[in-house]
Amino acid sequence: MTAQGDTTTRPDTETGVTDTGTGVSDIETGVTGIVITDHAAAKVKALLEQEGRTDLALRVAVQPGGCSGLRYQLYFDDRSVDGDQVQDFGGVNVVVDKMSQPYLSGASVDFVDTIEKQGFTIDNPNAGGSCACGDSFH
């Protein structure tokens, strides 16, 4: 997926995800161990419809990188890999790969749209800390 405009409004591998450290209400739980709020699922669904791609899933992953050692990745994906766990949240398939599952167990993804910021946020109880910019954790 190519980011267009303000990348913080789209799931993207480079920007738009911060570890908020705050709780999230109105969530659905899934077998992936990650939870996606209704608001986040609705935003993902709207983005997929805007792209005209109902065949894509939202992949949530953890990769090495960033100031603190690990970085979140959210992106649309059409592939399936051995060990992937898939869960439906409000008509959106959310995929977590085998290596990311332990890091994301109990984490919640939300979408915020306020005057201060707009984008996807991740509240992760497994994060021991994060960098000042909020893009990475350890």
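1. A salt bridge is taken here as a side-chain nitrogen of Lys or Arg within 4 Å of a carboxyl oxygen of Asp or Glu. On that criterion the structure, which is a predicted model, holds four salt bridges.

2. On conventions, the model is a predicted one in which local features need pLDDT of at least 70 and side-chain atom pairs count only at pLDDT 80 or more, while totals for chains, interfaces and linings use all residues. Residues are numbered from 1 along each chain as its sequence is written, and side-chain values use heavy atoms, with hydrogens and water left out.

3. The chain has two helices and 10 strands, where helices (H or I, at least four residues) and strands (E, at least two) are DSSP runs numbered from the N terminus. Followed along the sequence, these elements give the pattern β-β-β-α-β-β-β-β-α-β-β-β.

4. One of the salt bridges joins R59 to D84, with an N to O distance of 2.7 Å. This pair links distant parts of the chain, since R59 lies in strand 4 (residues 57-64) and D84 in the loop between strand 5 (70-77) and strand 6 (85-89), 25 residues apart. Both R59 and D84 are buried, a class that means under 20% relative accessible area, with exposed over 50% and partly exposed in between (1.4 Å probe, protein chains only).

5. D77 forms a salt bridge with R79, and their closest N and O atoms are 3.2 Å apart. The two partners fall in separate classes of accessibility: D77 is buried at a relative accessible area of 8%, whereas R79, at 45%, counts as partly exposed. Salt bridges link R59, D77, R79 and D84 in a network, which I would ask the reader to view as a unit.

6. A further salt bridge brings together the side chains of D55 and R53, at 2.9 Å from N to O. Here D55 is partly exposed at 48% relative accessibility, and R53 is partly exposed as well, with a relative accessible area of 33%.

7. For the chain as a whole, 42% of its 138 residues count as buried. Contacts, meaning heavy atoms within 4.5 Å, were also sorted by sequence separation: among those with a separation of 6 or more, 60% come from residues 24 or more positions apart. The accessible surface, from the Shrake-Rupley method with a 1.4 Å probe (for residues, only the protein chains shown count as cover), comes to about 6,900 Å², of which 47% belongs to carbon and sulfur atoms.
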